[in-house]
Amino acid sequence: MSVAAGDFNGDGVLDLAVANTGSNNISVLLGRGDGTFQGSQNFGVGIQPISVAVGDFNGDGVQDLAVANWNSSTVSVLLGDGEGSFQVAHYFAVGRYPKSIAVDDFNGDGHLDLAVANDGSSNVSVLLGNGDGSFQVARNFAVGGGQSVAVGDFNGDGTKDLAVANSGWSRSNVAVLFGVGDGNFQVAPTFGTGSQPWSIAVGDFNGDGHPDLVVANHEFANVSVLLGNGDGSFQEAQNFGTGIYPGSVAVGDFNGDGVQDLAVAHGGVLYEFWGGVSVLLGNGDGSFQAAQDFGTGRSSVSVAVGDFDGDGVEDLAVVNSGRTFPSDPGSVSVLLGNGDGSFQRAHNFRVGNHPASVAVGDFNGDGVLDLAVADRSSDSASVLLGIGNGSFQAARYFPAGTGPSSVAVGDFNGDGVLDLAVGSANVAVLLGMGDGNFQRAQNFGGAGGHSVAVGDFNGDGQPDLAGTTGSDSVGVLINNTGP
């Protein structure tokens, strides 16, 4: 359910620690230095571990582990022996249903402390470290929820603060607890959003140089805009209406005035009968004009921005999953921008059944953007080659494993041609031929699942792959096919 990196045996090579919610333990995988890992060693913790963090809690120069145990309301601390193994876990009580853990020194004594967000008791537990691997009794600070906790100095006073995301039917906000410097925190100011915030994006919507937030609120059919004050606080949310059940938000400048605008895909997560994109043009002062709604297909699950007709104006691509309707297996909608913030009528392009993810790239080298789509129910990747006028050729289908839900783009064999990586129960890699076609998929076990990502994980200059395995862990595939 969670993964953290550290050097647990002191060999200068990064290792992995993975919280295994279903088996009530953590797995430690020692790195070999070439991007591969030794077989896992498992260490028992509490019931349903959900988050893991790394720190040296007893000051011996060896990295230790702290684990939030969701269903036992505890934190497990496992002291490292310097050889990649760990002592039997010690347990410290926190609030109910801890979901997230963070490490820092909150009272300035040089010892690492813990902060734990507790979803069940709607608070944050702070456990001050004694410097010997043990911790004081938890101090609890109410926040109204407790989905995730992060550490930062949000008001610029040099003292560590906490920010906590609260999400639920009756609590939907961000709480900030300002540190006093002795391990205590002031009463948390909260910054409200709408009900069930599902997607968040960052932009500068009033042009003051401070980052602002926009949150798509699934239940309330709106987005919340929280303007940053530059001191770690945010102004009261301004809510702007969208289409029903918004699930994804993207930022762009759709009318070319230099002010950031919003595009919100809606009707695409829990409910199957609607779909569309709401476009909200920014006024430059942090407010937005009334949403203009543009139709797409049924159950729009995400929105992406690109210039698909080469006119210098941003366009939209929207994945419509179609959900459970046999008569509507899904599509990709392309909406060309007019340059004034409005969009032409959507052109829907057939892809495989119930598409879940889309990526953009130039797959045939003609300088025109193309689309690649993961088709969950047809076990394929659809590739739609751009014509250059915002239209696309009929989809070409390439088998890509069972139930693919994620697609990523990279040049995996170093030939200058873009390839595809598609995540399902494993990762299917389809090497591009340079003409928009792809070779037969090569399937690699050990990674895949809901999401696949591209990165250079062993520093050799070649793109590698990482993905979830479907068993509460992360798999890494090192690229050895390039030059």
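# Briefing: strands, buried residues and ring pairs

Thr-296 touches Gly-275, Gly-276, Val-277, Val-318, Asn-320, Ser-333, Leu-335, Ala-346 and Asn-348, leaving aside residues up to four places away in sequence. The model is predicted. Four strands form an open antiparallel sheet. Strand β11 is largely enclosed by the rest of the structure, because five of its five residues are buried. The structure also holds 15 aromatic pairs.

**Around Thr-296**

- Thr-296 sits in the loop between β24 (292-295) and β25 (300-306).
- Its relative accessible area is 16%. The cut-off for buried is under 20%, so Thr-296 counts as buried.
- The side chain of Thr-296 makes a polar contact of 2.6 Å with the side chain of Ser-300.
- A polar contact of 3.3 Å joins the Thr-296 side chain to that of Asn-320. Asn-320 is also among the residues that Thr-296 touches.

**The four-stranded sheet**

- The strand order is β1-β2-β3-β4, and the sheet is open.
- Its edges are β1 (2-6) and β4 (41-44), each of which pairs on one side only.
- From one strand to the next, the twist averages 25 degrees.
- Four bridges pair β3 (residues 25-29) with β4 in the antiparallel sense.
- Ser-27 has Asn-42 in β4 as its bridge partner.

- Strand β11 covers residues 123-127.
- Asn-123, Ser-125 and Leu-127 point one way from β11, while Val-124 and Val-126 point the other way. All of them are buried.
- β10 (residues 113-118) runs antiparallel to β11, and five bridges join the two.
- Asn-118 has Asn-123 in β11 as its bridge partner.
- The hairpin of β10 and β11 has four residues between the strands. In this hairpin, Ser-122 takes a positive phi near 55 degrees.
- β11 also pairs with β12 (residues 139-142), in the antiparallel sense and over four bridges.

**The largest nonpolar core**

- This core has 16 residues.
- Val-75, Val-77, Ile-101, Leu-114, Leu-127 and Phe-135 touch the most other members.
- β5 (49-55), β6 (64-69), β7 (74-78) and β10 each supply at least two residues of the core.
- Leu-127 is also one of the buried residues of β11.
- Val-75 touches Ala-66, Val-67, Asn-69, His-90, Tyr-91, Phe-92, Val-94, Ile-101, Leu-114 and Val-116, not counting residues up to four places away in sequence.

**Around Val-373**

- Val-373 lies in strand β30 (residues 370-375).
- Val-373 is buried, and its relative accessible area is 0%.
- Val-373 touches Val-332, Val-351, Pro-355, Ser-357, Val-358, Ser-380, Ala-381, Ser-382 and Leu-384, with residues up to four places away in sequence not counted.
- Val-360 is 13 residues from Val-373 in sequence. From C-alpha to C-alpha, the two are 8.9 Å apart in space.

**Aromatic pairs**

- A pair of aromatic rings is described by two values: the distance of the centres and the angle of the planes.
- The structure has 15 such pairs.
- The ring centres of Phe-43 and Phe-86 are 5.5 Å apart. Their planes lie at 75 degrees, so the pair is edge-to-face.
- Phe-43 lies in β4 and Phe-86 in the loop between β7 and β8 (90-93). The pair therefore ties together parts that are 43 residues apart in sequence.
- Phe-43 and Phe-86 are both buried.
- Phe-308 and Phe-392 also form an edge-to-face pair, because their planes are at 65 degrees. The centres of these two rings are 6.1 Å apart.
- Phe-308 is in the loop between β25 and β26 (315-320), and Phe-392 is in the loop between β31 (380-384) and β32 (396-399). The pair links distant parts of the chain, 84 residues apart.
- Phe-308 and Phe-392 are each buried.
- Phe-8, Phe-43 and Phe-86 are linked by ring pairs into a cluster.

Technical notes: Residues are numbered from 1 along each chain as its sequence is written. This is a predicted model: local features need pLDDT of at least 70, side-chain atom pairs count only at pLDDT 80 or more; totals for chains, interfaces and linings use all residues. Side-chain values use heavy atoms; hydrogens and water are left out. Two strands pair if DSSP finds at least two bridges between them. Axes are lines fitted to C-alpha atoms, for helices over the stretch in contact, and angles run from 0 to 180 degrees between N-to-C directions. Buried means under 20% relative accessible area, exposed over 50%, partly exposed in between (1.4 Å probe, protein chains only). A polar contact is a pair of N or O atoms within 3.5 Å; within protein, one must be able to donate a hydrogen and the other to accept it, and residues adjacent in sequence count only if both atoms are side-chain atoms. Contact means heavy atoms within 4.5 Å. A nonpolar core is a set of buried Ala, Val, Leu, Ile, Met, Phe, Trp, Tyr and Cys residues joined through side-chain atoms within 4.5 Å. Rings of Phe, Tyr and Trp (its six-membered ring) pair if their centres lie within 6.5 Å; planes under 30 degrees apart count as stacked, over 60 as edge-to-face and the rest as tilted.
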